[in-house]
Amino acid sequence: MKAPFFSSGHAPTFLAPMQDVTDMNFMRTVSGFGPPDVFVTEYLRVHQYTILEDRILEPLLDESLGAPVCFQIIGEDAGYIARTIEMAKAHPRIKYLDLNLGCPAPKVYKKNVGGALLKDPKKIAEILSVMRRNWDGVLSAKMRLGFDDASSFDTLIKAVRDSGADFITLHARTVKQLYRPSADHSFTRRAVELAGTTPLVANGDITSVASAKKILDETSCAGLMVGRSAMRNPWIFRQLREALAEGKGDAEIFRPTRADARAYIDAIQANSLKYSPKVKNLPGRLKKFINFIATSVDPEGAFLLEMRAAPDIDSLLKICDKHLVNNGNAEKKLADEPFAELCARPNHE
C-alpha cells in the first residue's frame, strides 16, 4: 500500500519515535506549534501478553493532532506480532504500522529486539513478511546502519525492501554509535539507491532547515524524520513546511525568540498535566526538554547549568524567566543550531 504522504509534492516530515518522550502530551505540544506530516508513537513492546491499553490507543485514535499517527512496535516473535496486528485492525483509524529495528538502548537490544535484530537479516525478513501478510495498511521499518558496523548494510536494506515495506526510515548511525559521531548520510544516499521505488526517509542530525536541505540535496531521500531537535525546536516542522512546501526564503521562515521558548515550556507543563501518561516528577519532565532548549539560548551554557541545579518547579520556572524573558531577553532569537560546546545529553544515550 502506497503511503499517501509521499504524494504531496514535497518531502514529508516525521516526528521520530523517542521512548519516554513522544507520548500524547508531547505530540499535543508539537501539534500546537505546527505538526509534522506524520507522528510516530513510542514503541509498544510485543510479547505473549501484549494488549492495546488506553495509553497506547490514545494518540493513535486522536482526531485533532493535525497529522496521522504511525503505530510503532518492537519485538522478535512473529506470532506475537501477528496477534498484536489483529488487535490493531479492530481500530480503523490505525492505518500505519512501523517495526523498530534501531533502538540503541542496551537494556532493549540485550533482549534481542530493536537494534539487535540488525545482526540477523533473515529474522528481519521473517518478521516483516509476517507483518505484510497480516497488515493491509502502510507498513514501514525504522532501522540503523547495522549493529557494530555497517558491513551488512546492503543486505539489511534489501531484506527490508524485499519483505514488503512501503517505506524505510534510516538513522544513519550504527546501534553501538548511539547518537555520536555525526550521522553519516553517505549511507542514506546508498540506501536510496538500494531501495529503488521504496521511499527512503532520512533520520539523524536534521537540526535545522539548512541541514535538512543539505541532506535532501545530497541523498535524494523521500522524507525527513526529526527526533531530538524537535525537543529543542518544536517549530522545526513549521519551518520545514515553510521552506519545502511553501517555498519561502530564509528571511521569511519563522524564527522563534526566547519568549517563544518560554511559552513552549509552559505548553509542555500544561500538556504534561492534562494528557496521559500522568507525570510523577514535573521538574524532571521539564528539565528533560529544557536540556535541549538551552543549547540554543546562550553559548556559555549559563541557562543550561543553572536550570539543571534548580531544586523545585518554582525555582526552575524563575530561572526560565530570568534567561528567556527578563532583562530584555524576550525578543532575542534562539540559535538555529545548538551551540557546539553544549550537550543536552552528556552520556549520548
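1. The sulfur of C320 lies 19 Å from the closest cysteine sulfur, which belongs to C343, and this is too far for a bond. Please keep in mind that this is a predicted model, and that the distances quoted here are computed from it. C320 is also buried, with a relative accessible area of 0%.

2. C343 is likewise in no disulfide, since the nearest cysteine sulfur to it, that of C103, is 18 Å away. Because a disulfide requires two cysteine sulfur atoms within 2.5 Å, the count for the structure comes to 0 disulfides.

3. How many salt bridges does the structure hold? The total is 24, and one of them joins E76 to R45, with the closest N and O atoms 3.2 Å apart. This pair links distant parts of the chain, as E76 sits in the loop between strand 4 (69-74) and helix 3 (78-88) while R45 belongs to strand 3 (residues 44-45), 31 residues apart. Both partners are partly exposed, E76 with a relative accessible area of 24% and R45 at 27% relative accessibility.

4. A salt bridge also forms between the side chains of K213 and D250, at 3.8 Å from N to O. Here, too, distant parts of the chain are linked: K213 is in helix 8 (residues 209-219), whereas D250 is in the loop between helix 10 (236-245) and helix 11 (258-274), 37 residues apart. K213 is partly exposed, with a relative accessible area of 31%, whereas D250 is exposed, with a relative accessible area of 61%.

5. The side chains of D336 and R255 meet in a salt bridge at 3.1 Å, N to O. D336 lies in the segment after helix 14 (313-324) and R255 in the loop between helix 10 and helix 11, so that the pair links parts of the chain 81 residues apart. D336 counts as partly exposed at 43% relative accessibility, and R255 is partly exposed as well, with a relative accessible area of 34%.

6. Salt bridges also connect D154, R189, R190 and E193 in a network. In helix 7 (residues 186-195), the buried residues are T188, A191, V192, L194 and A195. These cover an arc of only 170 degrees around the axis, which means that they are on the same side of helix 7.

7. Against what do the buried residues of helix 7 pack? Their partners are helix 6 (153-162), strand 7 (167-171), strand 8 (200-203) and helix 8. Just after helix 7, G196 adopts a positive phi of about 65 degrees.

8. The largest nonpolar core contains 102 residues, and F71 and M131 are those with the most contacts inside it. Helix 12 (residues 282-293) gives the most to this core, contributing 6 residues. If its neighbours within four places in sequence are left aside, M131 is in contact with I73, I81, I85, L97, L99 and L139. There is also a second, separate core, made up of 13 residues, and F6, V138, V201 and M225 are among them.

Note on methods:
Residues numbered from 1 in each chain as written. Predicted model: local features only at pLDDT ≥ 70, side-chain atom pairs only at ≥ 80, totals over all residues. Heavy atoms only, no water. Core = buried A, V, L, I, M, F, W, Y, C linked by side-chain atoms within 4.5 Å. Buried < 20%, exposed > 50% of the residue type's maximum accessible area, 1.4 Å probe, protein only. Helix = DSSP H or I, 4+ residues; strand = E, 2+ residues; numbered from the N terminus. Contact = heavy atoms within 4.5 Å. Salt bridge = Lys/Arg side-chain N within 4 Å of Asp/Glu carboxyl O. Arc of directions from axis to C-beta.
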